[in-house]
Amino acid sequence: MELSHCEEILVLAEQLSFSKAANRLFITQSALSKHVAAAEREVGFRIFERSTSKVELTESGRAFVEGLRSTVSAYEVALEEGMRRSQEAVETVRVVGPLTNERVLPLLTAARARMVSPKTEVSLTDIGLRDGLGMLAERRADLAVAFFYGDGREGLRSEHLAFIPFGVACCKDHPLARKSPLTFRDVAAEARHITSYPLEHRSDYHDFVRRTCERHGIHAPMRNVEEGSLILPELRDSVVFGVHYPGFARLGDDIVSRPLDEGEDLFDLRIVRREGEGGPAVLRLFDEIVSEFGGRA
(Lines give C-alpha, C1' and ligand atoms only; values in the text may rest on other atoms or scores of the structure.)
Protein backbone atom coordinates (compact mmCIF):
# COMPACT_ATOMS: atom_id res chain seq x y z
CA MET A 1 0.00 0.00 0.00
CA GLU A 2 1.35 3.43 -0.92
CA LEU A 3 2.35 5.62 2.00
CA SER A 4 0.18 8.47 0.71
CA HIS A 5 -2.86 6.17 0.82
CA CYS A 6 -2.01 5.18 4.40
CA GLU A 7 -1.91 8.85 5.38
CA GLU A 8 -5.28 9.41 3.66
CA ILE A 9 -6.85 6.59 5.67
CA LEU A 10 -5.52 8.09 8.91
CA VAL A 11 -6.99 11.52 8.06
CA LEU A 12 -10.34 9.96 7.12
CA ALA A 13 -10.34 7.96 10.38
CA GLU A 14 -9.87 11.24 12.24
CA GLN A 15 -12.41 13.31 10.30
CA LEU A 16 -14.97 10.53 9.59
CA SER A 17 -16.08 12.64 6.61
CA PHE A 18 -14.95 12.17 3.02
CA SER A 19 -15.52 15.85 2.22
CA LYS A 20 -13.57 17.16 5.23
CA ALA A 21 -10.78 14.62 4.76
CA ALA A 22 -10.50 15.43 1.04
CA ASN A 23 -10.29 19.16 1.77
CA ARG A 24 -7.57 18.61 4.34
CA LEU A 25 -5.63 16.37 1.94
CA PHE A 26 -6.14 18.72 -1.04
CA ILE A 27 -7.56 15.93 -3.21
CA THR A 28 -11.03 15.24 -4.57
CA GLN A 29 -13.61 13.13 -2.71
CA SER A 30 -13.71 10.81 -5.71
CA ALA A 31 -9.93 10.20 -5.53
CA LEU A 32 -10.10 9.59 -1.78
CA SER A 33 -12.95 7.13 -2.22
CA LYS A 34 -11.03 5.20 -4.88
CA HIS A 35 -7.92 5.03 -2.70
CA VAL A 36 -9.86 3.74 0.31
CA ALA A 37 -11.62 1.13 -1.82
CA ALA A 38 -8.27 -0.02 -3.25
CA ALA A 39 -6.83 -0.28 0.26
CA GLU A 40 -9.76 -2.38 1.42
CA ARG A 41 -9.33 -4.72 -1.53
CA GLU A 42 -5.67 -5.08 -0.66
CA VAL A 43 -6.19 -5.85 3.06
CA GLY A 44 -9.25 -8.04 2.46
CA PHE A 45 -11.69 -6.38 4.87
CA ARG A 46 -13.76 -3.21 5.17
CA ILE A 47 -11.99 -0.42 7.04
CA PHE A 48 -14.95 2.00 7.00
CA GLU A 49 -18.70 1.63 7.03
CA ARG A 50 -20.24 4.27 4.76
CA SER A 51 -23.78 5.50 4.50
CA THR A 52 -25.33 8.66 3.10
CA SER A 53 -25.33 10.19 6.57
CA LYS A 54 -22.10 9.04 8.23
CA VAL A 55 -18.73 7.28 8.02
CA GLU A 56 -17.56 4.96 10.80
CA LEU A 57 -14.62 2.69 11.41
CA THR A 58 -15.35 -1.03 11.49
CA GLU A 59 -14.00 -3.15 14.33
CA SER A 60 -11.27 -4.44 12.01
CA GLY A 61 -10.74 -0.89 10.78
CA ARG A 62 -10.04 0.44 14.29
CA ALA A 63 -7.33 -2.19 14.87
CA PHE A 64 -5.89 -1.58 11.41
CA VAL A 65 -5.79 2.21 11.79
CA GLU A 66 -4.11 1.94 15.19
CA GLY A 67 -1.32 -0.18 13.72
CA LEU A 68 -1.16 1.99 10.63
CA ARG A 69 -0.69 5.10 12.75
CA SER A 70 2.33 3.50 14.44
CA THR A 71 3.75 2.43 11.07
CA VAL A 72 3.43 5.89 9.50
CA SER A 73 4.90 7.50 12.61
CA ALA A 74 7.86 5.09 12.52
CA TYR A 75 8.36 5.86 8.82
CA GLU A 76 8.43 9.59 9.48
CA VAL A 77 10.97 9.13 12.28
CA ALA A 78 13.12 6.91 10.04
CA LEU A 79 12.89 9.43 7.19
CA GLU A 80 13.91 12.31 9.44
CA GLU A 81 16.87 10.31 10.80
CA GLY A 82 17.92 9.31 7.29
CA MET A 83 17.83 12.89 6.09
CA ARG A 84 19.83 14.02 9.12
CA ARG A 85 22.52 11.42 8.53
CA SER A 86 22.59 12.19 4.83
CA GLN A 87 23.32 15.81 5.62
CA GLU A 88 26.11 14.70 7.96
CA ALA A 89 27.49 12.03 5.59
CA VAL A 90 31.09 12.22 4.43
CA GLU A 91 31.58 12.12 0.66
CA THR A 92 34.66 10.12 -0.26
CA VAL A 93 36.43 10.83 -3.55
CA ARG A 94 38.61 7.94 -4.77
CA VAL A 95 41.50 8.97 -7.01
CA VAL A 96 43.71 6.39 -8.77
CA GLY A 97 46.65 6.53 -11.14
CA PRO A 98 50.44 6.91 -11.18
CA LEU A 99 50.16 9.20 -8.17
CA THR A 100 53.33 8.72 -6.15
CA ASN A 101 55.64 10.18 -8.78
CA GLU A 102 57.33 13.33 -7.50
CA ARG A 103 56.01 15.40 -10.39
CA VAL A 104 52.39 14.35 -9.85
CA LEU A 105 52.05 13.84 -6.09
CA PRO A 106 52.78 17.43 -4.91
CA LEU A 107 50.18 18.85 -7.29
CA LEU A 108 47.54 16.30 -6.25
CA THR A 109 48.34 16.90 -2.60
CA ALA A 110 47.89 20.66 -3.07
CA ALA A 111 44.56 20.12 -4.84
CA ARG A 112 43.41 17.78 -2.06
CA ALA A 113 44.44 20.31 0.62
CA ARG A 114 41.97 22.82 -0.81
CA MET A 115 39.22 20.22 -0.38
CA VAL A 116 39.63 19.98 3.41
CA SER A 117 36.16 19.63 4.93
CA PRO A 118 34.51 17.54 7.67
CA LYS A 119 32.17 16.23 4.95
CA THR A 120 34.81 15.36 2.34
CA GLU A 121 37.54 12.74 2.25
CA VAL A 122 39.97 12.22 -0.64
CA SER A 123 41.75 8.88 -0.99
CA LEU A 124 44.78 8.67 -3.30
CA THR A 125 45.71 5.18 -4.53
CA ASP A 126 48.78 4.62 -6.67
CA ILE A 127 48.23 2.01 -9.40
CA GLY A 128 51.17 3.00 -11.60
CA LEU A 129 50.34 2.65 -15.28
CA ARG A 130 47.53 0.17 -14.73
CA ASP A 131 44.19 0.90 -16.38
CA GLY A 132 42.62 3.62 -14.25
CA LEU A 133 40.00 4.13 -16.97
CA GLY A 134 38.85 0.56 -16.42
CA MET A 135 38.52 1.22 -12.70
CA LEU A 136 36.37 4.25 -13.51
CA ALA A 137 34.12 2.17 -15.76
CA GLU A 138 33.77 -0.45 -13.00
CA ARG A 139 33.02 2.33 -10.48
CA ARG A 140 35.99 1.38 -8.32
CA ALA A 141 37.25 4.96 -8.61
CA ASP A 142 35.73 8.42 -8.98
CA LEU A 143 38.68 10.13 -10.67
CA ALA A 144 41.65 8.67 -12.56
CA VAL A 145 44.94 10.28 -13.51
CA ALA A 146 45.53 8.37 -16.74
CA PHE A 147 47.37 8.42 -20.04
CA PHE A 148 45.46 8.90 -23.30
CA TYR A 149 46.84 7.47 -26.52
CA GLY A 150 44.42 8.92 -29.06
CA ASP A 151 40.72 9.77 -29.06
CA GLY A 152 38.76 10.03 -25.81
CA ARG A 153 36.54 7.23 -24.59
CA GLU A 154 32.75 7.43 -24.73
CA GLY A 155 31.12 8.28 -21.42
CA LEU A 156 34.24 9.85 -19.92
CA ARG A 157 35.10 13.51 -19.38
CA SER A 158 38.82 14.32 -19.38
CA GLU A 159 41.06 17.37 -19.14
CA HIS A 160 44.72 17.55 -20.16
CA LEU A 161 47.17 17.88 -17.26
CA ALA A 162 50.67 17.51 -18.71
CA PHE A 163 52.77 16.03 -21.50
CA ILE A 164 55.25 13.45 -20.24
CA PRO A 165 58.31 12.54 -22.36
CA PHE A 166 59.72 9.14 -23.18
CA GLY A 167 62.82 8.28 -21.19
CA VAL A 168 65.30 5.58 -20.31
CA ALA A 169 66.71 4.03 -17.17
CA CYS A 170 70.00 2.21 -17.62
CA CYS A 171 73.23 1.27 -15.86
CA LYS A 172 75.50 4.27 -15.29
CA ASP A 173 78.16 2.84 -17.64
CA HIS A 174 75.66 2.36 -20.50
CA PRO A 175 76.32 4.68 -23.51
CA LEU A 176 72.83 6.19 -23.17
CA ALA A 177 73.65 7.37 -19.62
CA ARG A 178 76.14 9.87 -21.05
CA LYS A 179 74.43 10.94 -24.30
CA SER A 180 73.56 14.63 -24.56
CA PRO A 181 71.17 15.40 -26.10
CA LEU A 182 69.42 12.03 -25.83
CA THR A 183 67.16 11.11 -28.77
CA PHE A 184 65.06 8.25 -30.13
CA ARG A 185 67.84 7.66 -32.66
CA ASP A 186 70.29 7.11 -29.80
CA VAL A 187 67.97 4.53 -28.22
CA ALA A 188 67.68 2.75 -31.58
CA ALA A 189 71.47 2.65 -31.94
CA GLU A 190 72.48 1.72 -28.39
CA ALA A 191 69.68 -0.33 -26.77
CA ARG A 192 70.34 -4.06 -27.16
CA HIS A 193 67.53 -5.18 -24.87
CA ILE A 194 64.49 -3.24 -23.56
CA THR A 195 62.70 -3.88 -20.27
CA SER A 196 59.11 -2.66 -19.86
CA TYR A 197 56.04 -2.86 -17.64
CA PRO A 198 53.91 -5.99 -17.09
CA LEU A 199 51.43 -6.69 -19.88
CA GLU A 200 48.22 -7.05 -17.88
CA HIS A 201 45.88 -4.00 -17.86
CA ARG A 202 48.29 -1.96 -19.98
CA SER A 203 47.46 -2.90 -23.57
CA ASP A 204 46.95 0.73 -24.70
CA TYR A 205 50.28 1.74 -23.17
CA HIS A 206 52.21 -1.11 -24.78
CA ASP A 207 50.56 -0.50 -28.19
CA PHE A 208 51.60 3.16 -28.03
CA VAL A 209 55.20 2.28 -27.07
CA ARG A 210 55.38 -0.37 -29.82
CA ARG A 211 54.13 2.06 -32.49
CA THR A 212 56.63 4.67 -31.29
CA CYS A 213 59.49 2.16 -31.43
CA GLU A 214 58.53 1.16 -34.98
CA ARG A 215 58.34 4.80 -36.07
CA HIS A 216 61.85 5.52 -34.77
CA GLY A 217 63.49 2.28 -35.86
CA ILE A 218 63.91 0.86 -32.35
CA HIS A 219 64.00 -2.91 -32.87
CA ALA A 220 65.64 -4.21 -29.69
CA PRO A 221 63.78 -7.21 -28.21
CA MET A 222 61.45 -6.19 -25.37
CA ARG A 223 60.96 -8.07 -22.12
CA ASN A 224 57.92 -7.37 -19.95
CA VAL A 225 58.49 -7.95 -16.25
CA GLU A 226 55.95 -9.87 -14.19
CA GLU A 227 53.32 -8.12 -12.09
CA GLY A 228 54.81 -6.86 -8.84
CA SER A 229 58.41 -6.98 -10.10
CA LEU A 230 60.82 -4.05 -10.00
CA ILE A 231 61.36 -2.60 -13.47
CA LEU A 232 65.15 -2.73 -13.66
CA PRO A 233 67.46 -3.06 -16.66
CA GLU A 234 67.66 -6.81 -17.22
CA LEU A 235 71.27 -6.81 -18.47
CA ARG A 236 74.18 -4.37 -18.45
CA ASP A 237 73.40 -3.44 -22.06
CA SER A 238 69.61 -3.24 -21.58
CA VAL A 239 67.44 -0.22 -20.82
CA VAL A 240 64.04 0.49 -19.34
CA PHE A 241 62.28 2.46 -22.07
CA GLY A 242 58.90 4.19 -21.96
CA VAL A 243 57.08 6.84 -19.93
CA HIS A 244 59.39 9.04 -17.88
CA TYR A 245 59.04 11.54 -15.03
CA PRO A 246 61.60 13.53 -13.10
CA GLY A 247 62.69 11.07 -10.43
CA PHE A 248 61.14 8.24 -12.47
CA ALA A 249 62.31 5.62 -9.98
CA ARG A 250 64.58 5.16 -7.01
CA LEU A 251 66.81 2.62 -8.69
CA GLY A 252 70.05 2.99 -6.74
CA ASP A 253 73.45 4.56 -7.39
CA ASP A 254 74.26 2.24 -10.29
CA ILE A 255 71.21 3.30 -12.33
CA VAL A 256 70.73 6.50 -14.32
CA SER A 257 67.17 7.65 -15.13
CA ARG A 258 66.68 10.45 -17.67
CA PRO A 259 64.18 11.76 -20.23
CA LEU A 260 64.71 12.00 -23.97
CA ASP A 261 65.39 15.54 -25.15
CA GLU A 262 63.03 15.32 -28.14
CA GLY A 263 59.60 16.92 -27.88
CA GLU A 264 57.65 14.42 -29.98
CA ASP A 265 55.64 11.30 -29.23
CA LEU A 266 54.83 12.56 -25.76
CA PHE A 267 52.50 10.86 -23.30
CA ASP A 268 49.26 12.81 -22.71
CA LEU A 269 48.46 12.75 -18.98
CA ARG A 270 44.84 13.58 -18.11
CA ILE A 271 42.41 13.70 -15.23
CA VAL A 272 39.28 11.68 -16.03
CA ARG A 273 35.82 11.18 -14.55
CA ARG A 274 32.57 9.61 -15.70
CA GLU A 275 30.48 12.01 -17.79
CA GLY A 276 27.35 13.29 -16.07
CA GLU A 277 28.16 11.60 -12.74
CA GLY A 278 29.76 12.46 -9.44
CA GLY A 279 28.79 14.41 -6.36
CA PRO A 280 29.86 17.99 -5.62
CA ALA A 281 33.18 16.89 -4.09
CA VAL A 282 34.11 14.82 -7.17
CA LEU A 283 33.36 17.71 -9.53
CA ARG A 284 35.20 20.21 -7.35
CA LEU A 285 38.32 18.04 -6.98
CA PHE A 286 38.35 17.44 -10.75
CA ASP A 287 38.44 21.22 -11.28
CA GLU A 288 41.02 21.74 -8.51
CA ILE A 289 43.39 19.21 -10.09
CA VAL A 290 43.05 20.84 -13.52
CA SER A 291 43.75 24.24 -11.94
CA GLU A 292 46.76 22.96 -9.98
CA PHE A 293 48.41 21.36 -13.00
CA GLY A 294 47.60 24.33 -15.22
CA GLY A 295 49.30 26.65 -12.76
CA ARG A 296 52.43 24.67 -11.86
CA ALA A 297 52.94 21.56 -14.04
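Contact here means heavy atoms within 4.5 Å. The model is predicted.

**View 1. The whole chain, overall dimensions.** The protein holds nine helices and 12 strands. Its C-alpha trace spans about 105 × 35 × 30 Å along the principal axes. The radius of gyration is 33 Å, whereas a compact globule of 297 residues would have a value near 19 Å.

**View 2. Helix 1 against helix 2.** Helix 1 covers residues 3-15 and helix 2 covers residues 18-25. The two pack at an angle of about 135°, and their axes lie 8 Å apart. Angles from 65 to 115 degrees count as roughly perpendicular, and those over 145 as roughly antiparallel. The angle of this pair therefore makes helix 1 oblique to helix 2. Their crossing is right-handed.

View 3. Helix 1 brings E8, V11, L12, E14 and Q15 to the contact. Helix 2 answers with F18, K20, A21, R24 and L25. By class, the residues of this contact comprise five nonpolar, four charged and one polar.

**View 4. Helix 2 against helix 3.** Helix 3 spans residues 29-43. Helix 2 packs on helix 3 at an angle of about 105°, with the axes 9 Å apart. That angle makes helix 2 roughly perpendicular to helix 3. From helix 2, the contact takes F18, S19, A21, A22 and L25. From helix 3, the contact takes Q29, L32, S33 and V36. Six of the residues in the contact of helix 2 with helix 3 are nonpolar and three are polar, with no charged residue.

**View 5. Strand 5 beside strand 12.** Strands of a sheet pair through backbone hydrogen bonds, either parallel or antiparallel. Strand 5 (residues 143-148) and strand 12 (residues 267-274) run antiparallel. Five bridges join them. Across this pairing, V145 stands opposite I271 in strand 12.

Technical notes:
Residues numbered from 1 in each chain as written. Predicted model: local features only at pLDDT ≥ 70, side-chain atom pairs only at ≥ 80, totals over all residues. Heavy atoms only, no water. Axes fitted to C-alpha atoms, helices over the stretch in contact; angles between N-to-C directions. Helix = DSSP H or I, 4+ residues; strand = E, 2+ residues; numbered from the N terminus. Parallel < 35°, antiparallel > 145°, perpendicular 65-115°, else oblique. Left-handed = near helix turned anticlockwise from the far one by under 90°. Nonpolar A, V, L, I, M, F, W, Y, C, P; charged D, E, K, R; others polar. Pairing = 2+ DSSP bridges. Rg over C-alpha atoms; globule rule 2.2 N^0.38 Å.
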